[in-house]
Structures are given as structure tokens and as C-alpha cells.
Amino acid sequence: MFTISQADAQLSRAAAASFLSHVLVSHSASREGREKKEAHRAFTAYYVYQPIPDKIEERWKLMLTDCFFRTLSHLADFSELMGIKDYMGVMMFITFAESVVPVSDENVHVSEALFDGVEVVVYQPKVQASDTELRRAVIYLHGGGWCLGSSRMGPYDLLARQMVIDLNSIVVSVEYRLAPEHHFPIPYEDVYRVVKHFFQKEVLARYAVDPGRIAVSGDSAGGNLAAAVSQQLQQDPNQQVQLKVQALLYPVMQALDFNTPSYQQNQNMPILPRTLMVRFWSEYFTSDKNFFRSMMANTHNSPESAALLKFVDWSAFLPESFRGKYNYSAPSVTLRGSGPGVEALSRSIADPRASPLLVPDADLRSLPKAYVLTCEYDVLRDDGVMYAERLRHAGVQVTHEHYNSGFHGALMFTIWPTNFMIAHTMMENFIRWLQQNL
């Protein structure tokens, strides 16, 4: 029979108590560790999650993409607050991260050049044109809020190559100077100089371009520049070569009213929230942070710009289907004192080279055929919709392609890991329109 002594029993009880204590402590530590992990997961999920409309496809991919943008934006805010680097300087990481070296391949010859002192990347078909064959040309202007972006980013490089292949065209991608180092009107002037240089007879001949088949196009801020250039060319009495078409992809068209229905509906939408778009506008004009705060409050209009509010009155120009539940209220007008800086800002806000939507109908009638792409979930939706409507009312032939599931910047997401199906659809439809109209 198996027996145990009292001493052994006491020793066993002590050992058992010690073991149980160890188990309980370990369990407590393990539970605490699990709780920390769960808290981290909960915080991560809370930070990543954004309420994205059901109509948008690949919603989780957009959430993760936007999480990166928001994180970078928070770092940029912190960096500027601490005096390390300005906000846009940090945000330029996006441009650097997607930069490529444009090189020739089996289908496309790529070269870099200076057009009147402005850097451009020129894409041409590898197959040489015959002595009598003239090609189409597209002058493309990248987006990025006039502060970010580059023609040498991967998505723009891909788009340019696709246009060369599908259109058998020349593509001139413009590397205009950026704000805040170069405020308005310098980015616009760079683009205008490139277009004027390219329109010279000897330059068109060098690239075998048909002077009657030239387009200007751009996305976001690039669409703004494309529209402004189209308008200014029409007003130049000495300009013989003219654009055949303008293609504006979710363009930004006005700086007078930041409370349109789309600015209100999409103020926290991924990629381009209202705060960031207003910040782009502010940095385009000035480095004065007080002006940014005025723009955020929609109290930045001067008496000079107030006279032009009739051209951005969305209660008159926006179709009912885009107005939703919102009611129109005219932006307030503020007297900001006097001085060269204040007067220059007032002139810039009212300048149609910055806000192409501000021109009267008479200046729209002679503009070239237009393609306007807009997205439902974009603060700039109403800018593009109103411009398309005003062009149409002025007698310009307009194709307005609206994406009910689209979001701002979608055309940039064509390369892994942020390649979206809607981006490829947009690119295909855009190039198809050029095939049929250029």
C-alpha cells in the first residue's frame, strides 16, 4: 500500500501552493498581455477604419491606403509644429515613394527636355513616323494640389506610355514648379510657356505632330491648369495653333466657395478631405496661416472676389441630383485691410488663371471640345460638374463622365499594391475618348 508521511504531505502542499501561485501569476500576466494585444488591435482597427460608402468598390483597400495618407499627414502636422520641416515638405514623401526614372522600352522612346526653361518628359512611339505621317499629341499636367506630384511618378509614367501606345501619339508630361516654394502664378506660367513653346512650327515639325490634333489634359490641380491654359490660349490674338480638345479629370476649378454640396458631403472622405484641399489652395497662394484659417471658415472672400460669386453659385449651375439635402448660402465677404500682400491675395483669388470657373459665358463659347471626369465621393465633384454645365450652356461640346462609385485621385491607383479596378476603368474610358475625339 502506497503511503505518504506528514512531512512529505506538508512539503507536497507547499509545492502545490507554489505551483498554483505560479500558475495564477502566469495566467494573470498572460491575461494582461492578451488584454494589451486586444487593446492594440482595437486601436489599430479604430485608426484604420473609415466609414466608406457601400458604393465604393474595394473598400478595405481604400481604408488601408487612406490610413497611410492620414498617418503621413499627422506626421507632417507634427513636423511643422515642432519646426522640423514644413507640412508639404513631409507630404512630398508620397511623390518620392512613387518616383521612377522614365526610360525607353520596346514600344516607347522617352527623353527629357527643356521647353522654354521648363522640364518636360517626352514620350514618343518607337516606330518612326513616315515623312507624310503626322501624329496626335497630348500635353499632360500632373495633379498634387500644385504642391505635390511629379511627371516622373509611376502612375503618370504608366498613363503616358499607354496613351502613346493606344493613340500613336506624342505625350509631353510637364514638370512645372511647385508651391509653396513657388506660389501662383508660377506653376501656371510654367505650363503656359511649355504649351506656347510646343506650338512653335519648328517644334511640332521636330516631333511630327499634327497642329490640328493637340490636346491638353490633367488631373486634379493638373485639370485646373489645363482648363486655365485652354482659356488663355483662346484670348491670345496672335496664337495661330489652337487646342483641339481639353480633358479635365476631377479638376479643381474655383477658390471662392468651399461649402458646395460636395465639399460638405465629402469633407472627411479618403485621399482628399476638405481640410487638405483647402490647405492646397492656401499654399498655392500664400504661406500666411491666417489665410488658411479664413479659407477653412469660408470667410476669405474680398469685395473683389465677391463680385464673381455669381459664377460659382451652385444653386444656379448644379443639377438638382447633385444638390442633395444642402441649401445654398453665399460665402461671406471680409474686409482684410490694405497693403501689397492683401491686395495681391485678393487679385489671386479672383484670377481666372487660378479659378477657371470665374470667367463669363462669352469667354467659354470659343473653347475646345471638352471631356470632364467627376467622382461622386470627391470634394471637387461640384467644381467639375458646374464647369461641364457652364461649358454646355455656352455651346461647347462636352462629354461629362461621372463615376457614382468614384473617389478623388482614383486614376493614380493603377500600380500594385494600390491598384484599384476603377482606376483602370477610368484610364481606359479616358483614352477611348481621346481616340474618338482627338
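Helices and strands are here taken as DSSP runs, a helix having at least four residues and a strand at least two, and they are numbered from the N terminus. Counted in this way, the protein chain of this predicted model has 18 helices and 8 strands. Of its 438 residues, 54% count as buried, a word that stands for a relative accessible area under 20%. Among contacts with a separation of 6 or more, 74% are between residues 24 or more positions apart in the chain.

Two packed helices are described by the angle between their axes and the distance between the axes. Helix α6, residues 186-198, packs with helix α8, residues 221-234, at an angle of about 55°, and the two axes are 10 Å apart. This angle makes α6 oblique to α8, and the crossing of the two helices is right-handed. On the α6 side the contact is formed by P187, Y188, V191, Y192, V195 and K196, which meet L225, A228, V229, Q232 and L233 of α8. Sorted by class, the contact of α6 with α8 has 9 nonpolar residues, 1 polar residue and 1 charged residue.

Helix α8 also holds Q231. Is Q231 buried or exposed? Q231 has a relative accessible area of 1%, and therefore it counts as buried. Leaving aside residues up to four places away in sequence, Q231 touches P352, P356, V359, L364, L367 and Y387.

The backbone deserves a separate look. Most residues other than glycine have a negative phi, and most peptide bonds are trans. The bond from F184 to P185, however, is cis, with omega near 10°, and P185 lies in the loop between β4 and α6. A cis peptide bond also runs from W416 to P417, with omega near 5°, where P417 is found in the loop between β8 and α18.

N168, although not a glycine, has a phi of about 50°, and it lies in the loop between α5 and β4. Y250, which is not a glycine either, has a positive phi of about 30°, and its place is in the loop between β6 and α9. As for accessibility, N168 is partly exposed at 31%, whereas Y250 is buried, with a relative accessible area of 1%.

Conventions:
Residues numbered from 1 in each chain as written. Predicted model: local features only at pLDDT ≥ 70, side-chain atom pairs only at ≥ 80, totals over all residues. Heavy atoms only, no water. Buried < 20%, exposed > 50% of the residue type's maximum accessible area, 1.4 Å probe, protein only. Contact = heavy atoms within 4.5 Å. Axes fitted to C-alpha atoms, helices over the stretch in contact; angles between N-to-C directions. Parallel < 35°, antiparallel > 145°, perpendicular 65-115°, else oblique. Left-handed = near helix turned anticlockwise from the far one by under 90°. Nonpolar A, V, L, I, M, F, W, Y, C, P; charged D, E, K, R; others polar.
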